[in-house]
Amino acid sequence: MQNRRTELQNIYPELYDLGINWFGYYSNKTTTGKLSKHHHGSSFEICYLDNGIQPYYIYPSGSTREDQAQLYRLHGGEVFITRPYEYHSSGAFQQLRGRLYWIQFDSEFPALLGHNREKSDILRAALESLDHSILRVPKTITSRLSEAFRLILTMDKEHLFRACELLTLFILELADFNRKISDESQSGKILSRKMLEAVTYIHNNLMDPGLNLDAVAEHLHYSRSYAMSAFRNEMGLTIHEFILQSKIEYACELLRNHTITETAFLLNFSSSQHFSRVFKEHTSLTPRDFVKQFD
């Protein structure tokens with residue numbers, strides 16, 4: 001299995017002249033390194049996860065403490081948005097398997113995407129209006145981002161012009177979609193009712209030894225095969241993968257007050273060795289090394 005990573009600035013440095021501070025894509029078949037605490041200066045960063053799952057942490061203004069950070073779970077079909085000077089990281093987690101695009105727009109650049117000052121101000125206002133950290137966005141919007149990436153990759157001036165128009169639409173349509181999100185969905189998690197029910201059921205039963213695909217299917221009143229395909233189509237990963245990922249996320253909380261053996265037992269792993277192996281696959285740390293961070 002081979003991971004792929006493409007960063008357009010390394011191919012087309014002229015993007016800096018358009019206020020695009022970075023534009024990249026990765027396709028991970030295996031986990032890679034963690035994202036340490038960082039921010040992007042005056043830039044908005046928008047990440048679109050095409051497939052997979054990725055936990056991220058956002059730190060409150062003026063703080064970089066892990067225990068004060070807000071955990072966000074990004075799933076396939078969602079975008080993750082960080083604002084200028086907003087610290088974020090992947091915490092104890094590596095960059096997991098999946099496909100992800102990320103782009104950074106400099107909010108202080110005077111000619112954003114090649115537009116005049118008036119139009120650049122409109123784009124900046126649209127970026128400023130993005131008040132959700134995670135949004136589940138229609139493909140009609142996210143396809144603008146992936147198509148712009150493909151066009152820029154050709155290193156053709158006409159294609160670059162078309163890419164800038166697509167990115168302009170992407171920002172404006174994303175801002176418009178953000179405005180339509182109801183106040184009841186402050187987390188931005190716009191899942192179908194059944195998938196929200198499935199996710200809630202899983203999160204509420206992480207300590208149940210009977211939690212598996214069959215239990216989720218029965219809870220939803222779906223057949224086993226239909227539950228499996230419906231979940232993967234909407235969430236971007238299998239029910240088994242989601243359960244494991246959720247258990248490891250919960251384990252990060254349990255390990256603050258429980259031993260490794262107790263945590264493995266509470267989450268129904270067959271042994272502490274099995275738990276340690278799965279924990280390291282997802283976070284790049286052993287549970288023991290993870291706990292040492294809080295000593």
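**Note on the predicted chain**

1. Leucine 160 has its place in helix α3, residues 157-180. Helices here are DSSP runs of H or I with at least four residues, strands are runs of E with at least two, and both are numbered from the N terminus. The model is a predicted one: local features need pLDDT of at least 70, side-chain atom pairs count only at pLDDT 80 or more, and totals for chains, interfaces and linings use all residues. Residues are numbered from 1 along each chain as its sequence is written, and side-chain values use heavy atoms, with hydrogens and water left out.

2. Is leucine 160 buried or exposed? Leucine 160 counts as buried because its relative accessibility is 11%. Buried means under 20% relative accessible area, exposed means over 50%, and partly exposed lies in between (1.4 Å probe, protein chains only).

3. Which residues does leucine 160 touch, leaving aside its neighbours within four places in sequence? Its contacts are Tyr12, Leu15, Leu18 and Ile152, where contact means heavy atoms within 4.5 Å. Tyrosine 12 lies 148 residues from leucine 160 in sequence, and the C-alpha atoms of the two are 10.0 Å apart in space.

4. Over the whole chain, the secondary structure amounts to ten helices and ten strands. The radius of gyration is 20 Å, close to the 19 Å given by the globule rule for 295 residues, so the chain is as compact as a globular protein of that length. That radius is taken over C-alpha atoms, and the rule is 2.2 Å times the number of residues to the power 0.38. Along the principal axes, the C-alpha atoms fill a box of roughly 60 × 45 × 40 Å.

5. Of the chain's 295 residues, 50% count as buried. Among contacts in the chain with a separation of 6 or more, 74% are between residues 24 or more positions apart.

6. Strand β4, residues 43-58, is mostly covered, with 14 of its 16 residues buried. β4 pairs with strand β9 (residues 98-106) in the antiparallel sense over nine bridges, and leucine 49 stands opposite leucine 100 in β9. Two strands pair if DSSP finds at least two bridges between them.

7. Which other strands run antiparallel to β4? Strand β6 (residues 78-82) is joined to β4 by five bridges, with tyrosine 48 opposite valine 79. Strand β5 (residues 70-75) pairs with β4 in the antiparallel sense over six bridges, and there glutamine 54 stands opposite leucine 74. Strand β7 (residues 88-89) is joined to β4 by two antiparallel bridges; serine 89 in β7 is the bridge partner of tyrosine 57.

8. Strand β2, residues 20-28, has eight of its nine residues buried, so it is largely enclosed by the rest of the structure. Strand β1 (residues 4-7) pairs with β2 in the antiparallel sense over four bridges, and the partner of arginine 5 in β2 is tyrosine 26. β2 also pairs with β9, antiparallel, over eight bridges. In β9, phenylalanine 105 is the bridge partner of isoleucine 20.
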